[in-house]
Amino acid sequence: MIEEDQIPEWLTAGVTFLIPKNGNTENPKNYRPVTCLPTIYKLMTSIISRRMQKYMDDENLMPKKQKGCCSRSKGCKDQLLISKAILQECKCRKKNLCVAWIDYQKAFDRVPHSWISKSLESTGINNKVTSFTKKVMSYWRTRMRLHTENRLIETEDIKIQGGIFQRDLLSPLLFCICLIPLTEKLNRLNKEYEEHTTKTKISHLLYMDDLKLNAKLDEELQKQIQTVKTFSDDIHMEF
């Protein structure tokens, strides 16, 4: 593994291409950013990601309710099937169900690097991997590039001071690790929907940053929402 003092600057330098969504090119919101990263960096982070995923699986650290980075899972499809099963049971057994969907505002861009570092430490991941990840995050940067009919517009390097570095395999796993404490807080509330046959308790379902809350009563759902709000405020993420 590359030592901290051997990390070359080009390794973590991305180029973000701005792709127009429609004909209105004057509004910055009408551009879709696509970041390209060095192939060697993506290869290296994919190796680290696999090893981290194996450790998370072996130690059973990734919550079953998070399907974003879950091995042997269909991800979003699994969560949709679980939701469908809950709704069908409620209709058949005439059970009460309160539901809330929470969407974070630019979640991948806002999660603080300090929280990523703290979350890695709390999982007990290898110190060298944790230290390397912290150092690499401090080097993350990109430059914006826009091709027009007449010329190429390009910015200077922009340091990535918050959020994950998208387009590599490691960043989604880092994000899911950051949300593990949220699952723990929701589980401790003991406010959840209980499936009749297996007695499985399902307080929430996660797919990356997409969150669905389940509760029997409205007041229980409100406590769940407040818990999510408090956690989100603490790590500076907004609904």
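Me: Why is Phe 165 called buried?
Reply: This is a predicted model, and the value is computed from it. Phe 165 has a relative accessible area of 4%. Buried means under 20%. So Phe 165 is buried.

Me: And why is Trp 140 called buried?
Reply: The relative accessible area of Trp 140 is 1%. The cut-off is under 20%, so Trp 140 counts as buried.

Me: What makes the rings of Trp 140 and Phe 165 a tilted pair?
Reply: Take the distance, then the angle. The ring centres are 5.2 Å apart, and a pair needs centres within 6.5 Å. The planes stand at 35°. Stacked needs under 30 degrees and edge-to-face over 60.

Me: Which residues form one aromatic cluster?
Reply: Tyr 41, Trp 140 and Phe 165 do.

Me: How many aromatic pairs does the count come to?
Reply: The count is 5 aromatic pairs.

Me: Why is the pair of Trp 115 and Phe 231 called edge-to-face?
Reply: Their ring centres are 6.0 Å apart, and the limit is within 6.5 Å. Their planes stand at 75°.

Me: Are Trp 115 and Phe 231 buried or exposed?
Reply: Trp 115 has 19% relative accessibility. Under 20% is buried, so Trp 115 counts as buried. Phe 231, at 3%, counts as buried too.

Me: How do you know that strand β10 is largely enclosed?
Reply: Strand β10 covers residues 210-215. Of its 6 residues, 5 are buried, so the rest of the structure largely encloses the strand.

Me: Which strands are joined to β10 by bridges?
Reply: Strand β3 is joined to β10 by 5 bridges, and the two run antiparallel. There, Val 99 has Asn 214 as its bridge partner. Strand β9 is joined to β10 by 4 bridges, again antiparallel. Leu 206 stands opposite Leu 211 in β10.

Me: What lies between β9 and β10 in their hairpin?
Reply: There are 2 residues between the strands. In this hairpin, Met 208 takes a positive phi near 60°.

How values were computed:
Residues numbered from 1 in each chain as written. Predicted model: local features only at pLDDT ≥ 70, side-chain atom pairs only at ≥ 80, totals over all residues. Heavy atoms only, no water. Buried < 20%, exposed > 50% of the residue type's maximum accessible area, 1.4 Å probe, protein only. Pairing = 2+ DSSP bridges.
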